[in-house]
Amino acid sequence: MLDILGFTSLVTVSIITFFIASKWPDASKFIFAALILRIIFLLAGRYIVTLPDSTQDAVGFEILAWTWAQNGFLHNLDLYPGYNSFFYPWIVSLIYSLFGRSLLMIQSIGLLFGIGSVLVGWLLAKRLWNNHVAIKVGWTIALFPSLALYSILPLREVYASFFLLVAMFGIVNWIKFGGYKSIFLAIIGFIGAIHFHGVLIIGSFIFLLIVGLSNLKKSLKLMLIGRIKPKALMIIILVLSIFIIYFTNNIAIPYIGDFEQITDMDWVKENINGRMRGAASYPEWTNINSNIEFFYKGIVRMMYFLFSPFFWDIKKTTHLIGFFDGLLYMALVYLIFKNRKIIWKDPALRMILIILVSYIFIFGIGTSNFGAGLRHRTKFIIEIIILAAPLIPRFIFFNKIKLRKNLKKL
């Protein structure tokens, strides 16, 4: 049966994309390219092939959402699950309870957030670099295969990625221009991201720590001349309160636990090694069996998280998709390494790098399956692209178009 609701949603998202492209004409070409590529993926997965990662969790989330939707909107509204893996199906259940069941509608919403990520990534790159570099970022985000894929699957990745990007935008604004509005924007971004994956709270802790120390430094200088800034004092108290609550074991981070658990190495090792299962699991030698191994094998696991499966890990033809994706990450990380001096000199770029490395370390330690790793690392690929951006080569196709235009002028 033709999914009228789903196709109406898809047309609506296409119209919204048209208005976005009209608002930012410099970004219109790669925004439309992002839309077309994602629609091709969506329709191919619906009518031709089974897309990677479109079963298991994706199917499970959708079925759970429809089951909950049977209870009605108002009943579901009272079942807010908090920042954990059930938040995404809860949101979908609210939509289903209002409009009815349509997987294509949910995919269209993900598509809209995917287009939004392209736009915000381009705007952030403009703020960090320049228009020329930002255009390369826009095209890379628009055409990056795994980003396109996870934009149209009923999973959490596209939403976590979008809100994390909003948080980064707020952080960059705060570093470059200051102001409490920027801090508020960053916090809103982190709150959104945390609801789609709780571990992303780590980045907010790092940001709040820097904000707290910065305001403490300013407050001490003002106190020396007999002045007090109430807003700065409120931020210091807020930041201290958050850290005290966590260190006293009153907050538990999903997948990480409370402070007592995260400092219990036996609990950490058991939690990590318990995920080593399936054909796509990391090799047995990456198991962490002692406190010393936690550190040096942690580096190895970070490499596995970013770049696996390696050629020796390929056991199925489907693993080739992850292998190709890993090669793209290798290229981008190499460009970041070459660009490291410029990144470290810029406070905004340095902050993004510090938060990014902390995420890669946490996810590298906690992920034991390169199938899950491929999905999780898409949360951070836009930040990786932005850091590597100045050294990303221009697309050959577009160089040829520019050359032809110049020849016509002659």
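Predicted model: local features only at pLDDT ≥ 70, side-chain atom pairs only at ≥ 80, totals over all residues.
Local features need pLDDT of at least 70, side-chain atom pairs count only at pLDDT 80 or more, and totals for chains, interfaces and linings use all residues. Residues are numbered from 1 along each chain as its sequence is written, and side-chain values use heavy atoms, with hydrogens and water left out.

**View 1. Packing of helix α15 against helix α18.** Residues 291–307 form α15 and residues 347–366 form α18; helices are DSSP runs (H or I, at least four residues) numbered from the N terminus. The two helices pack at an angle of about 100°, and their axes are 8 Å apart. Axes are lines fitted to C-alpha atoms over the stretch in contact, with angles running from 0 to 180 degrees between N-to-C directions. α15 and α18 are therefore roughly perpendicular to each other (65 to 115 degrees). On the α15 side, the contact (heavy atoms within 4.5 Å) is made by Phe294, Gly298, Arg301, Met302, Phe305 and Leu306. Val357, Ile360, Phe361, Phe363, Gly364 and Ile365 make it on the α18 side. By class, this contact of α15 with α18 has nine nonpolar, two polar and one charged residues. Ala, Val, Leu, Ile, Met, Phe, Trp, Tyr, Cys and Pro count as nonpolar, Asp, Glu, Lys and Arg as charged, and the others, Gly among them, as polar.

View 2. The structure holds one cavity of 30 Å³ or more. A cavity is a set of points on a 1 Å grid over the protein atoms alone where a 1.4 Å probe fits but cannot get out, and lining residues have an atom within 4 Å of a point. The largest cavity has about 80 Å³ of space, a volume being the space filled by probe spheres set on the points. Its lining consists of Arg38, Gly114, Ser117, Ile141, Leu147, Tyr150, Ser151, Glu157, Val158, Ser161 and Thr378. At least two lining residues come from each of α6 (103–128), α8 (145–151) and α9 (157–177). Four nonpolar, five polar and two charged residues make up the lining.

View 3. Ser108 lies in helix α6. Its relative accessible area is 1%, so Ser108 is buried (under 20%, with a 1.4 Å probe and protein chains only). Not counting residues up to four places away in sequence, Ser108 touches Gly6, Ser9, Leu10 and Val13.

**View 4. Surroundings of Ala134.** Helix α7 (residues 131–143) contains Ala134. Ala134 counts as buried, at 0% relative accessibility. Leaving aside neighbours within four places in sequence, Ala134 is in contact with Trp122, Ala125 and Lys126. Ala27 is 107 residues from Ala134 along the chain, and their C-alpha atoms are separated by 9.3 Å.

Notes
Parallel < 35°, antiparallel > 145°, perpendicular 65-115°, else oblique. 1 Å grid on protein atoms, 1.4 Å probe; cavity = no way out; pocket = protein on both sides within 12 Å on 5 of 7 lines; lining within 4 Å. Buried < 20%, exposed > 50% of the residue type's maximum accessible area, 1.4 Å probe, protein only.
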